[in-house]
Amino acid sequence: GILDHAHQHFANAGRVDPREGAAWDGLARVWRDWGFPHFGLGDAYRAASVAPKSPMVRNTLGTILQYLGNGEAARTQFEFALALDPGAAYALNNICYSRLMEADAAAAAAACGRALALEPGLVPARNNLALAMAVQGDLDGAAAVFGEAGGEAAAEYNLGIVYLSQRRYAAAATAFDRAARLQPGLAMAD
């Protein structure tokens with residue numbers, strides 16, 4: 001969790017053994033997590049070059065491509081990760097997210113559903129599924145799925161975010177108020 005130290009360790013590992021895919025993958029993740037995915041793109045491709053059969057490496061490359069706005073190329077990498085590891089629920093969740101970013105809610109819901117069939121406790125997939133349902137107009141279903149992921153207060157808070165994205169400000173305020181009543185210590189944005 002200390003990214004500057006992680007960067008230093010991964011860089012040292014890559015210098016010691018340039019064929020170590022995990023080192024390049026780690027560097028790419030650090031750049032992505034720092035918010036500079038474009039700096040990690042070369043490391044991600046290097047990792048894929050030296051570890052072409054690693055589903056995690058392909059997934060990392062996909063996340064960077066997604067952050068850079070290339071959803072199609074990202075999904076190709078996520079699908080590659082799935083081909084290497086059919087149980088990679090994280091890759092299906094990333095496909096779901098990628099489809100959400102392109103407003104293809106039906107495809108997103110299908111991918112998230114597959115991810116949850118593989119790993120029922122995958123909270124990001126559950127939240128992405130709820131977002132896909134909300135985009136399709138099923139706010140009651142979205143609320144139920146949000147609730148399964150984090151409880152009733154989290155469901156209300158997440159619905160508030162959905163309402164904000166729809167410019168339904170009064171509904172958002174009501175949802176945020178309900179979330180605050182359900183969980184008084186809930187940190188709200190000012």
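Contact here means heavy atoms within 4.5 Å of each other. This is a predicted model, so local features need pLDDT of at least 70 and side-chain atom pairs count only at pLDDT 80 or more, while totals for chains, interfaces and linings use all residues. Residues are numbered from 1 along each chain as its sequence is written, and side-chain values use heavy atoms, with hydrogens and water left out.

The overall picture comes down to helices: the protein has eleven of them and zero strands. Both kinds of element are DSSP runs numbered from the N terminus, with helices (H or I) needing at least four residues and strands (E) at least two. Along its principal axes, the C-alpha trace spans about 55 × 35 × 25 Å. Of the 190 residues, 43% are buried; buried means under 20% relative accessible area, exposed means over 50%, and partly exposed lies in between (1.4 Å probe, protein chains only). Among contacts with a separation of 6 or more, 43% join residues 24 or more positions apart. The protein exposes about 9900 Å², and carbon and sulfur atoms supply 56% of that area, as worked out by the Shrake-Rupley method with a 1.4 Å probe, where for residues only the protein chains shown count as cover.

Next come the charged pairs. Side chains of opposite charge can pair when their charged atoms come close. A salt bridge is a side-chain nitrogen of Lys or Arg within 4 Å of a carboxyl oxygen of Asp or Glu, and the whole structure holds seven. One of them links Arg 29 to Asp 25, with the closest N and O atoms 2.9 Å apart. Both sit in helix 2 (residues 21-34), four residues apart, or about one turn of the helix. Arg 29 is partly exposed at 24% relative accessible area, whereas Asp 25 is buried at 8%.

Arg 46 and Asp 43 also form a salt bridge, at 2.8 Å from N to O. Because they are three residues apart in helix 3, about one helical turn separates them. Arg 46 is partly exposed at 37%, and Asp 43 is buried at 10%. A further salt bridge joins Arg 75 and Glu 102 (3.2 Å, N to O). Arg 75 lies in helix 5 (residues 71-84) and Glu 102 in the loop between helix 6 (89-101) and helix 7 (105-118), so this pair ties together parts 27 residues apart in sequence. Here Arg 75 is buried at 10%, while Glu 102 is partly exposed at 42%.
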